Amino acid sequence: DTECVHQKEYVPFLDKGVGCDFWNGKFDKDKCDARILAVQKLFKKHYPHLPESLEAPACDFDMYYENEFTWSVNHTGTSPSTWWDSRMPVVKTAD
């Protein structure tokens with residue numbers, strides 16, 4: 001008999017995967033840089049005929065709504081989600 005180990009891409013409270021190490025240290029800048037380089041290398045390997053990067057698209061952001069960041073969160077009628085439990089903390093800056 002062998003033990004059944006459930007593989008998980010990323011477990012937030014462990015800050016690593018089970019059976020997958022790609023997302024280990026999810027918010028570590030050096031590890032993020034390494035992940036980007038790994039993905040770029042694989043892309044170049046599999047799609048050598050395509051450009052390595054594209055121009056940044058035009059930004060069409062033009063405003064914040066008045067008091068937008070004071071609005072209460074309203075998820076009435078939506079499916080439950082654990083996404084908010086593992087989001088990065090918001091750092092407020094002085095005005």
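This tour moves from a strand pair to the salt bridges of a predicted model.

Residues are numbered from 1 along each chain as its sequence is written, and side-chain values use heavy atoms, with hydrogens and water left out. Because the model is predicted, local features need pLDDT of at least 70 and side-chain atom pairs count only at pLDDT 80 or more, whereas totals for chains, interfaces and linings use all residues.

Select residues 8–11 and then 16–18, which are strands β1 and β2 and which pair in the antiparallel sense over two bridges. Strands here are DSSP runs of E with at least two residues, helices are runs of H or I with at least four, and both are numbered from the N terminus; two strands pair if DSSP finds at least two bridges between them. Highlight Lys8, whose bridge partner in β2 is Val18. Next, pick Asp15 in the hairpin of β1 and β2, where four residues lie between the strands and Asp15 takes a positive phi near 55°.

Turn now to the salt bridges, of which there are two, each being a side-chain nitrogen of Lys or Arg within 4 Å of a carboxyl oxygen of Asp or Glu. Select Lys29 and Asp33, whose closest N and O atoms are 3.0 Å apart; these residues are four apart in helix α1 (residues 29–46), and are therefore separated by about one helical turn. Lys29 is exposed at 59% relative accessibility, while Asp33 is partly exposed at 33% (buried is under 20% relative accessible area, exposed over 50%, partly exposed in between, with a 1.4 Å probe and protein chains only).

Finally, select Glu52 and Lys44, whose side chains meet in a salt bridge at 3.8 Å, N to O. Glu52 is exposed, with a relative accessible area of 62%, and Lys44 is partly exposed, with 33%.
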